[in-house]
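Open the model in your viewer and keep the selection panel handy. We'll go stop by stop, with something to select at each one.

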Amino acid sequence: MALTLPELPYGRSDLEPHMSRETLDYHYAKHHKAYVDNGNKLIAGTEFENMDLDDLVKKSSGKIFNNAAQVWNHNFFWNCLTPESKAPSKKLVTALIKQFGGVDDFKKLFTEVALGTFGSGWAWLVLNADGSLAITSTTGAGNPLTDGQKPLLTCDVWEHAYYVDYRNARPTYLEHFWALVNWQFVEKNLG
Amino acid sequence: MKHVLPDLPYAVDALEPHIDQRTMKLHHDMHHASYVKALNKALEEAPELQSQTAEWLLMNLNEVPEAIRTAVRNNAGGHVNHGMFWRSMDASGGGFPSGPLLAAIDRDFSGYENFKAEFEKAGTKLFGSGWAWLVVDKRGNDKLQILATSGHDNPLSSGYHPLLLNDVWEHAYYLKHENRRPEYLKNWWAITNWPEVEQRYQQFQQQEPAQSSKTPPPKIDADLKQALHETAQEQIHEVMTKREASKLVVKEKSVTSGKSHSVNGKSG
Ligand SMILES: [Fe+2]
Ligand SMILES: [Fe+2]
(Lines give C-alpha, C1' and ligand atoms only; values in the text may rest on other atoms or scores of the structure.)
(Ligands and ions follow the chains in the order given, each with its own letter.)
Protein backbone atom coordinates (compact mmCIF):
# COMPACT_ATOMS: atom_id res chain seq x y z
CA MET A 1 0.00 0.00 0.00
CA ALA A 2 1.21 3.45 -0.77
CA LEU A 3 2.87 5.50 1.94
CA THR A 4 0.79 8.45 3.08
CA LEU A 5 1.43 11.65 4.95
CA PRO A 6 -0.88 11.52 7.99
CA GLU A 7 -2.58 14.64 9.32
CA LEU A 8 -0.77 16.17 12.27
CA PRO A 9 -2.63 15.48 15.56
CA TYR A 10 -2.61 19.28 16.24
CA GLY A 11 -2.36 22.54 14.34
CA ARG A 12 0.99 23.67 13.00
CA SER A 13 1.13 26.61 15.43
CA ASP A 14 -0.06 24.62 18.43
CA LEU A 15 3.35 23.55 19.70
CA GLU A 16 4.55 27.14 20.07
CA PRO A 17 6.51 28.50 21.85
CA HIS A 18 8.42 25.21 22.15
CA MET A 19 8.35 24.32 18.47
CA SER A 20 7.53 27.00 15.94
CA ARG A 21 5.05 26.90 13.12
CA GLU A 22 7.98 27.56 10.78
CA THR A 23 9.68 24.39 12.00
CA LEU A 24 6.54 22.36 11.37
CA ASP A 25 6.06 23.97 7.97
CA TYR A 26 9.42 22.54 6.98
CA HIS A 27 9.74 19.49 9.13
CA TYR A 28 6.27 18.12 8.50
CA ALA A 29 5.22 19.63 5.18
CA LYS A 30 8.59 19.38 3.42
CA HIS A 31 10.86 16.79 5.05
CA HIS A 32 8.25 14.29 6.17
CA LYS A 33 6.37 14.72 2.89
CA ALA A 34 9.56 14.21 0.88
CA TYR A 35 10.18 10.87 2.60
CA VAL A 36 6.62 9.81 1.72
CA ASP A 37 6.95 10.91 -1.91
CA ASN A 38 10.42 9.45 -2.42
CA GLY A 39 9.42 6.23 -0.69
CA ASN A 40 6.43 5.82 -2.97
CA LYS A 41 8.56 6.36 -6.06
CA LEU A 42 11.06 3.77 -4.87
CA ILE A 43 8.58 1.03 -3.94
CA ALA A 44 6.44 1.38 -7.07
CA GLY A 45 6.54 -1.89 -8.99
CA THR A 46 8.66 -3.71 -6.38
CA GLU A 47 7.93 -6.49 -3.88
CA PHE A 48 7.58 -3.75 -1.25
CA GLU A 49 4.72 -1.97 -2.99
CA ASN A 50 1.94 -3.62 -0.98
CA MET A 51 3.62 -4.05 2.39
CA ASP A 52 2.37 -2.22 5.43
CA LEU A 53 4.76 0.28 6.90
CA ASP A 54 5.98 -1.88 9.81
CA ASP A 55 6.92 -4.71 7.44
CA LEU A 56 8.53 -2.29 5.05
CA VAL A 57 10.75 -1.01 7.84
CA LYS A 58 11.61 -4.52 9.01
CA LYS A 59 12.30 -6.00 5.58
CA SER A 60 13.72 -3.32 3.32
CA SER A 61 17.23 -1.90 3.12
CA GLY A 62 19.16 0.90 1.43
CA LYS A 63 17.20 3.77 -0.03
CA ILE A 64 13.79 2.18 0.46
CA PHE A 65 14.55 1.59 4.12
CA ASN A 66 15.83 5.13 4.57
CA ASN A 67 12.63 6.67 3.23
CA ALA A 68 10.16 4.19 4.72
CA ALA A 69 11.77 4.28 8.17
CA GLN A 70 11.87 8.07 8.10
CA VAL A 71 8.11 8.01 7.37
CA TRP A 72 7.57 5.64 10.31
CA ASN A 73 9.81 7.67 12.61
CA HIS A 74 8.16 10.98 11.80
CA ASN A 75 4.61 9.55 12.05
CA PHE A 76 5.58 8.31 15.49
CA PHE A 77 7.43 11.47 16.52
CA TRP A 78 4.44 13.76 15.86
CA ASN A 79 2.32 11.52 18.07
CA CYS A 80 4.91 11.71 20.84
CA LEU A 81 4.23 15.47 21.06
CA THR A 82 1.17 17.34 22.25
CA PRO A 83 0.35 20.97 23.03
CA GLU A 84 -1.27 19.80 26.27
CA SER A 85 1.40 17.73 27.93
CA LYS A 86 0.08 16.11 31.12
CA ALA A 87 2.04 14.25 33.78
CA PRO A 88 2.65 10.53 33.15
CA SER A 89 0.21 8.15 34.79
CA LYS A 90 1.06 6.00 37.78
CA LYS A 91 1.60 2.91 35.66
CA LEU A 92 4.21 4.58 33.45
CA VAL A 93 5.86 6.27 36.42
CA THR A 94 6.17 2.90 38.13
CA ALA A 95 7.78 1.36 35.04
CA LEU A 96 10.24 4.27 34.75
CA ILE A 97 11.14 4.06 38.44
CA LYS A 98 11.68 0.34 38.17
CA GLN A 99 14.05 0.64 35.21
CA PHE A 100 15.74 3.98 35.65
CA GLY A 101 15.22 4.95 39.28
CA GLY A 102 12.69 7.70 38.59
CA VAL A 103 11.10 9.89 35.96
CA ASP A 104 13.80 12.54 36.29
CA ASP A 105 16.54 9.92 36.07
CA PHE A 106 14.91 8.62 32.92
CA LYS A 107 14.66 12.10 31.41
CA LYS A 108 18.28 12.80 32.27
CA LEU A 109 19.52 9.58 30.68
CA PHE A 110 17.34 10.00 27.59
CA THR A 111 18.63 13.55 27.20
CA GLU A 112 22.24 12.32 27.47
CA VAL A 113 21.62 9.76 24.75
CA ALA A 114 19.92 12.36 22.53
CA LEU A 115 22.80 14.79 22.98
CA GLY A 116 25.35 12.03 22.42
CA THR A 117 23.84 10.93 19.12
CA PHE A 118 26.44 12.03 16.60
CA GLY A 119 25.14 13.63 13.42
CA SER A 120 21.58 12.96 12.32
CA GLY A 121 19.52 10.40 14.17
CA TRP A 122 16.94 9.58 16.80
CA ALA A 123 16.82 8.89 20.54
CA TRP A 124 14.37 6.24 21.70
CA LEU A 125 12.73 4.74 24.74
CA VAL A 126 12.01 1.13 23.83
CA LEU A 127 10.45 -1.98 25.29
CA ASN A 128 12.66 -5.07 25.01
CA ALA A 129 11.26 -8.53 24.32
CA ASP A 130 11.98 -9.49 27.96
CA GLY A 131 9.76 -6.66 29.21
CA SER A 132 12.58 -4.38 30.30
CA LEU A 133 12.86 -0.78 29.12
CA ALA A 134 15.92 0.69 27.46
CA ILE A 135 17.14 3.92 25.92
CA THR A 136 18.83 3.65 22.56
CA SER A 137 19.94 5.85 19.74
CA THR A 138 19.87 5.27 16.00
CA THR A 139 21.68 7.02 13.16
CA GLY A 140 20.01 8.30 10.01
CA ALA A 141 16.67 6.54 9.59
CA GLY A 142 17.45 3.72 12.03
CA ASN A 143 14.45 2.25 13.83
CA PRO A 144 14.47 -0.08 16.88
CA LEU A 145 11.89 -2.39 15.25
CA THR A 146 14.75 -3.92 13.27
CA ASP A 147 16.36 -4.94 16.58
CA GLY A 148 13.15 -6.49 17.85
CA GLN A 149 12.48 -3.59 20.22
CA LYS A 150 9.15 -1.80 20.51
CA PRO A 151 9.42 2.01 20.35
CA LEU A 152 7.62 3.87 23.13
CA LEU A 153 8.97 7.42 22.71
CA THR A 154 11.31 9.13 20.28
CA CYS A 155 13.05 12.44 19.79
CA ASP A 156 14.26 13.55 16.35
CA VAL A 157 17.79 14.92 16.64
CA TRP A 158 18.43 15.62 12.98
CA GLU A 159 19.51 19.25 12.77
CA HIS A 160 16.38 20.08 10.75
CA ALA A 161 14.31 19.30 13.87
CA TYR A 162 15.76 22.20 15.85
CA TYR A 163 17.88 24.44 13.67
CA VAL A 164 15.14 26.95 12.84
CA ASP A 165 14.19 27.41 16.50
CA TYR A 166 17.39 26.72 18.41
CA ARG A 167 20.27 26.76 15.89
CA ASN A 168 23.10 24.57 17.16
CA ALA A 169 21.72 24.40 20.70
CA ARG A 170 20.51 20.82 20.82
CA PRO A 171 20.36 20.87 24.66
CA THR A 172 17.87 23.76 24.55
CA TYR A 173 15.77 21.86 22.03
CA LEU A 174 15.71 18.88 24.39
CA GLU A 175 14.50 21.07 27.27
CA HIS A 176 11.59 22.21 25.13
CA PHE A 177 10.96 18.67 23.89
CA TRP A 178 10.15 17.61 27.46
CA ALA A 179 7.50 20.32 27.68
CA LEU A 180 5.69 18.71 24.74
CA VAL A 181 5.88 14.99 25.49
CA ASN A 182 2.61 13.13 25.20
CA TRP A 183 3.03 10.71 28.10
CA GLN A 184 -0.38 9.18 27.48
CA PHE A 185 0.82 8.11 24.02
CA VAL A 186 3.94 6.60 25.60
CA GLU A 187 1.80 4.68 28.04
CA LYS A 188 -0.47 3.43 25.29
CA ASN A 189 2.61 2.08 23.49
CA LEU A 190 3.73 0.35 26.67
CA GLY A 191 0.46 -1.62 26.45
CA MET B 1 49.70 20.86 22.40
CA LYS B 2 46.10 21.95 22.46
CA HIS B 3 44.22 22.00 19.20
CA VAL B 4 43.02 25.50 18.43
CA LEU B 5 40.15 26.88 16.42
CA PRO B 6 41.68 28.62 13.39
CA ASP B 7 40.35 32.04 12.44
CA LEU B 8 38.27 32.19 9.30
CA PRO B 9 40.52 33.18 6.38
CA TYR B 10 38.07 35.99 5.56
CA ALA B 11 35.46 38.18 7.25
CA VAL B 12 32.33 36.45 8.49
CA ASP B 13 30.21 38.17 5.83
CA ALA B 14 32.78 37.83 3.02
CA LEU B 15 30.95 35.03 1.24
CA GLU B 16 27.54 36.75 1.15
CA PRO B 17 25.18 36.14 -0.52
CA HIS B 18 26.30 32.55 -1.13
CA ILE B 19 27.01 31.78 2.52
CA ASP B 20 25.08 34.15 4.74
CA GLN B 21 26.79 35.77 7.69
CA ARG B 22 24.50 34.12 10.24
CA THR B 23 25.31 30.65 8.97
CA MET B 24 29.02 31.38 8.75
CA LYS B 25 29.20 32.70 12.29
CA LEU B 26 27.33 29.78 13.83
CA HIS B 27 29.17 27.27 11.72
CA HIS B 28 32.63 28.54 12.66
CA ASP B 29 32.14 29.97 16.16
CA MET B 30 29.82 27.26 17.48
CA HIS B 31 30.04 24.06 15.42
CA HIS B 32 33.74 24.06 14.54
CA ALA B 33 34.63 25.36 18.00
CA SER B 34 32.70 22.52 19.63
CA TYR B 35 34.72 19.90 17.73
CA VAL B 36 38.01 21.48 18.79
CA LYS B 37 36.88 21.56 22.39
CA ALA B 38 35.66 17.97 22.33
CA LEU B 39 38.88 16.78 20.66
CA ASN B 40 41.02 18.39 23.36
CA LYS B 41 38.79 16.91 26.02
CA ALA B 42 39.02 13.40 24.56
CA LEU B 43 42.82 13.68 24.36
CA GLU B 44 43.07 14.47 28.07
CA GLU B 45 42.88 10.72 28.48
CA ALA B 46 45.75 10.08 26.05
CA PRO B 47 48.63 12.46 26.85
CA GLU B 48 50.91 10.53 24.50
CA LEU B 49 48.76 11.64 21.55
CA GLN B 50 48.59 15.30 22.50
CA SER B 51 51.60 16.25 20.38
CA GLN B 52 50.16 14.72 17.20
CA THR B 53 48.35 16.74 14.57
CA ALA B 54 44.65 16.15 14.02
CA GLU B 55 45.50 14.85 10.53
CA TRP B 56 47.92 12.34 12.01
CA LEU B 57 45.21 11.13 14.40
CA LEU B 58 42.84 10.58 11.48
CA MET B 59 45.48 8.64 9.57
CA ASN B 60 46.31 6.53 12.62
CA LEU B 61 42.99 5.87 14.32
CA ASN B 62 44.17 2.36 15.19
CA GLU B 63 46.82 3.91 17.45
CA VAL B 64 44.14 5.78 19.40
CA PRO B 65 42.95 3.98 22.56
CA GLU B 66 39.62 2.35 21.91
CA ALA B 67 37.90 4.21 24.74
CA ILE B 68 38.35 7.53 22.93
CA ARG B 69 38.63 6.35 19.32
CA THR B 70 35.09 7.27 18.28
CA ALA B 71 35.36 10.67 19.95
CA VAL B 72 38.69 11.32 18.21
CA ARG B 73 37.39 10.09 14.86
CA ASN B 74 34.35 12.36 15.07
CA ASN B 75 35.98 15.43 16.54
CA ALA B 76 39.39 15.37 14.83
CA GLY B 77 37.33 14.80 11.68
CA GLY B 78 35.07 17.75 12.50
CA HIS B 79 38.13 19.92 13.16
CA VAL B 80 40.17 18.95 10.09
CA ASN B 81 37.19 18.94 7.72
CA HIS B 82 35.95 22.37 8.73
CA GLY B 83 39.45 23.87 8.62
CA MET B 84 39.87 22.58 5.09
CA PHE B 85 36.34 23.63 4.18
CA TRP B 86 36.90 27.29 5.13
CA ARG B 87 39.98 27.42 2.92
CA SER B 88 38.09 25.74 0.08
CA MET B 89 35.97 28.86 -0.32
CA ASP B 90 36.82 32.45 -1.15
CA ALA B 91 34.94 35.60 -2.07
CA SER B 92 36.96 35.79 -5.27
CA GLY B 93 36.31 32.09 -5.93
CA GLY B 94 34.27 30.42 -8.62
CA GLY B 95 35.42 30.12 -12.18
CA PHE B 96 37.25 27.01 -13.28
CA PRO B 97 40.14 24.86 -12.17
CA SER B 98 43.21 25.07 -14.37
CA GLY B 99 46.58 23.46 -15.05
CA PRO B 100 47.37 19.89 -14.00
CA LEU B 101 44.23 19.71 -11.85
CA LEU B 102 41.97 20.54 -14.76
CA ALA B 103 43.82 18.01 -16.89
CA ALA B 104 43.24 15.34 -14.22
CA ILE B 105 39.56 16.28 -13.90
CA ASP B 106 39.16 16.04 -17.67
CA ARG B 107 40.93 12.69 -17.65
CA ASP B 108 38.96 11.12 -14.80
CA PHE B 109 35.51 12.70 -15.13
CA SER B 110 35.27 13.46 -18.85
CA GLY B 111 35.23 17.19 -18.25
CA TYR B 112 34.58 19.79 -15.60
CA GLU B 113 30.81 20.01 -16.10
CA ASN B 114 30.48 16.30 -15.66
CA PHE B 115 32.68 16.41 -12.55
CA LYS B 116 30.45 19.08 -11.02
CA ALA B 117 27.34 17.04 -11.72
CA GLU B 118 28.88 13.93 -10.14
CA PHE B 119 30.04 15.84 -7.08
CA GLU B 120 26.60 17.39 -6.58
CA LYS B 121 25.02 13.99 -6.98
CA ALA B 122 27.28 12.46 -4.32
CA GLY B 123 26.40 15.29 -1.93
CA THR B 124 22.68 15.04 -2.64
CA LYS B 125 22.51 11.28 -2.27
CA LEU B 126 24.37 11.09 1.02
CA PHE B 127 21.67 10.33 3.56
CA GLY B 128 21.86 12.34 6.78
CA SER B 129 24.90 14.36 7.76
CA GLY B 130 28.24 14.11 5.99
CA TRP B 131 30.60 15.41 3.36
CA ALA B 132 31.16 15.17 -0.39
CA TRP B 133 34.82 14.89 -1.44
CA LEU B 134 37.18 15.08 -4.37
CA VAL B 135 40.19 12.91 -3.50
CA VAL B 136 43.29 11.38 -5.06
CA ASP B 137 43.24 7.60 -4.88
CA LYS B 138 46.83 6.89 -3.88
CA ARG B 139 46.48 3.18 -4.49
CA GLY B 140 44.57 3.65 -7.73
CA ASN B 141 47.22 5.20 -9.98
CA ASP B 142 46.55 8.59 -8.41
CA LYS B 143 43.21 8.82 -10.17
CA LEU B 144 40.80 11.46 -8.92
CA GLN B 145 37.67 10.14 -7.29
CA ILE B 146 34.46 11.48 -5.76
CA LEU B 147 33.43 10.11 -2.37
CA ALA B 148 30.75 10.77 0.20
CA THR B 149 31.31 10.12 3.90
CA SER B 150 28.96 10.11 6.87
CA GLY B 151 29.40 12.21 9.99
CA HIS B 152 32.88 13.70 9.94
CA ASP B 153 34.70 10.73 8.50
CA ASN B 154 37.70 11.92 6.52
CA PRO B 155 39.15 9.97 3.57
CA LEU B 156 42.60 10.40 5.15
CA SER B 157 41.59 7.56 7.47
CA SER B 158 41.32 5.24 4.49
CA GLY B 159 44.44 6.25 2.62
CA TYR B 160 43.06 8.85 0.23
CA HIS B 161 44.41 12.35 -0.28
CA PRO B 162 41.57 14.90 -0.04
CA LEU B 163 41.58 17.88 -2.42
CA LEU B 164 38.14 19.44 -2.03
CA LEU B 165 35.13 18.93 0.22
CA ASN B 166 31.67 20.30 0.76
CA ASP B 167 29.74 20.12 4.02
CA VAL B 168 26.27 18.61 3.62
CA TRP B 169 25.30 18.58 7.28
CA GLU B 170 22.02 20.46 7.53
CA HIS B 171 23.72 23.15 9.65
CA ALA B 172 25.78 24.13 6.58
CA TYR B 173 22.79 25.24 4.53
CA TYR B 174 19.55 25.11 6.51
CA LEU B 175 19.15 28.80 7.39
CA LYS B 176 19.45 29.86 3.77
CA HIS B 177 18.43 26.89 1.65
CA GLU B 178 16.16 25.06 4.12
CA ASN B 179 15.66 21.51 2.93
CA ARG B 180 16.94 22.22 -0.60
CA ARG B 181 20.37 20.62 -0.43
CA PRO B 182 20.75 20.32 -4.25
CA GLU B 183 20.30 24.09 -4.56
CA TYR B 184 23.03 24.66 -1.96
CA LEU B 185 25.42 22.31 -3.74
CA LYS B 186 24.79 23.95 -7.10
CA ASN B 187 25.32 27.48 -5.77
CA TRP B 188 28.49 26.54 -3.95
CA TRP B 189 30.61 26.52 -7.15
CA ALA B 190 30.37 30.33 -7.17
CA ILE B 191 32.75 30.51 -4.18
CA THR B 192 34.93 27.42 -4.70
CA ASN B 193 38.55 28.41 -4.14
CA TRP B 194 40.17 26.61 -7.09
CA PRO B 195 43.66 28.10 -6.60
CA GLU B 196 43.73 26.50 -3.14
CA VAL B 197 42.58 23.16 -4.54
CA GLU B 198 45.19 23.34 -7.30
CA GLN B 199 47.83 23.99 -4.67
CA ARG B 200 46.72 20.93 -2.70
CA TYR B 201 47.00 18.84 -5.84
CA GLN B 202 50.44 20.25 -6.59
CA GLN B 203 51.60 19.49 -3.04
CA PHE B 204 50.36 15.96 -3.38
CA GLN B 205 52.26 15.47 -6.62
CA GLN B 206 55.45 16.88 -5.13
CA GLN B 207 55.33 15.08 -1.79
CA GLU B 208 53.81 11.78 -2.62
CA PRO B 209 56.82 9.91 -4.10
CA ALA B 210 58.99 10.82 -1.10
CA GLN B 211 56.23 9.97 1.37
CA SER B 212 55.41 6.58 -0.02
CA SER B 213 59.03 5.43 0.18
CA LYS B 214 59.45 6.63 3.76
CA THR B 215 56.28 5.99 5.68
CA PRO B 216 54.06 2.96 5.45
CA PRO B 217 50.51 3.64 4.28
CA PRO B 218 48.11 4.32 7.16
CA LYS B 219 46.56 1.35 8.80
CA ILE B 220 43.07 1.27 7.54
CA ASP B 221 39.94 0.29 9.27
CA ALA B 222 38.77 -2.65 7.17
CA ASP B 223 35.08 -1.70 7.09
CA LEU B 224 35.82 1.87 6.19
CA LYS B 225 38.22 0.82 3.47
CA GLN B 226 35.71 -1.58 2.03
CA ALA B 227 33.00 1.05 2.22
CA LEU B 228 35.07 3.65 0.47
CA HIS B 229 36.10 1.32 -2.28
CA GLU B 230 32.53 0.69 -3.28
CA THR B 231 31.72 2.87 -6.21
CA ALA B 232 28.01 3.41 -5.57
CA GLN B 233 27.55 6.24 -3.13
CA GLU B 234 24.44 4.73 -1.54
CA GLN B 235 26.37 1.61 -0.73
CA ILE B 236 29.10 3.62 0.88
CA HIS B 237 26.56 5.35 2.98
CA GLU B 238 24.70 2.25 3.94
CA VAL B 239 27.78 0.44 5.21
CA MET B 240 28.93 3.45 7.19
CA THR B 241 25.51 4.08 8.63
CA LYS B 242 25.29 0.52 9.85
CA ARG B 243 28.70 0.83 11.50
CA GLU B 244 27.69 4.05 13.16
CA ALA B 245 24.40 2.63 14.28
CA SER B 246 25.90 -0.51 15.72
CA LYS B 247 28.59 1.47 17.53
CA LEU B 248 26.06 3.82 19.02
CA VAL B 249 23.75 1.08 20.11
CA VAL B 250 26.62 -0.74 21.75
CA LYS B 251 27.56 2.43 23.54
CA GLU B 252 24.04 3.30 24.58
CA LYS B 253 23.29 -0.25 25.62
CA SER B 254 26.26 -0.23 27.92
CA VAL B 255 25.02 3.03 29.41
CA THR B 256 21.55 1.64 29.80
CA SER B 257 22.57 -1.70 31.21
CA GLY B 258 24.91 0.03 33.63
CA LYS B 259 21.97 2.00 34.84
CA SER B 260 19.66 -0.96 35.12
CA HIS B 261 22.34 -2.80 37.06
CA SER B 262 22.40 -0.08 39.62
CA VAL B 263 18.62 -0.14 39.70
CA ASN B 264 18.72 -3.89 40.21
CA GLY B 265 21.29 -3.34 42.92
CA LYS B 266 18.93 -1.03 44.73
CA SER B 267 15.97 -3.36 44.59
CA GLY B 268 17.98 -6.56 45.18
FE1 LIG C 1 13.00 14.89 11.09
FE1 LIG D 1 29.72 21.74 9.30
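How far apart are the end C-alpha atoms of residues 97–200 of chain B, and how much of that span is helix and how much strand? Select the span and check: its end C-alpha atoms are 12 Å apart, and the chain there is 41% helix and 23% strand. Keep in mind, as you click around, that this is a predicted model. The stretch has a label too: UniProt, in an unreviewed entry, lists residues 97–200 of chain B as "domain: Manganese/iron superoxide dismutase C-terminal".

**Stop 1: the sheet in chain B**

Stay in chain B and colour the strands.

Now zoom in on β1 (residues 130–137) of chain B, which is joined to β3(B) by seven bridges. To see a particular pair, pick V135(B): its bridge partner in β3(B) is P162(B).

**Stop 2: helices across that sheet**

**Stop 3: a helix pair in chain B**

Keep α3(B) on screen and bring in helix α1 (residues 21–43) of chain B. The two pack at an angle of about 145°, with their axes 8 Å apart, and α1(B) passes α3(B) in a left-handed crossing. Show side chains where they meet: from α1(B), the contact includes H32(B), Y35(B) and L39(B), and from α3(B), residues including I68(B), N75(B) and H79(B). What classes of residue make up the contact of α1(B) with α3(B)? Nine are nonpolar and five polar, with no charged residues.

**Stop 4: over to chain A**

Select residues 4–81 of chain A. UniProt lists them, in an unreviewed entry, as "domain: Manganese/iron superoxide dismutase N-terminal". This span is 63% helix and 0% strand, and its end C-alpha atoms lie 20 Å apart.

Next, colour chain A by domain: domain 1 covers 21–80 and domain 2 covers 90–190. Their centres, taken over C-alpha atoms, are separated by 20 Å. Where they touch, domain 1 of chain A contributes 18 residues and domain 2 of chain A contributes 17. On the domain 1 side, α1 (21–43), α2 (53–59) and α3 (62–80) of chain A each supply at least two residues. The largest share, 10 residues, comes from α3(A). By class, that domain 1 side has eight nonpolar, seven polar and three charged residues.

**Stop 5: the sheet in chain A**

Last, find the strands of chain A. They form an open sheet of three, ordered β2-β1-β3, with antiparallel pairing. Its edge strands are β2 (133–139) and β3 (150–156), and neighbouring strands are turned by 25° against each other on average, direction ignored. Strand β1 (residues 121–127) of chain A pairs with β3(A) over six bridges; click L127(A) to find its bridge partner in β3(A), K150(A). Finish with helix α5 (residues 103–116) of chain A, which packs on the sheet, touches β1, β2 and β3 of chain A, and makes about 15° with the direction of β2(A).

How values were computed. Residues numbered from 1 in each chain as written. Chains lettered and ligands numbered in written order. Predicted model: local features only at pLDDT ≥ 70, side-chain atom pairs only at ≥ 80, totals over all residues. Domains from an automatic or database assignment. Contact = placed C-beta atoms within 7 Å. Helix = DSSP H or I, 4+ residues; strand = E, 2+ residues; numbered from the N terminus. Nonpolar A, V, L, I, M, F, W, Y, C, P; charged D, E, K, R; others polar. Pairing = 2+ DSSP bridges. UniProt positions renumbered as here; feature names shortened; annotations may be inferred. Axes fitted to C-alpha atoms, helices over the stretch in contact; angles between N-to-C directions. Left-handed = near helix turned anticlockwise from the far one by under 90°.
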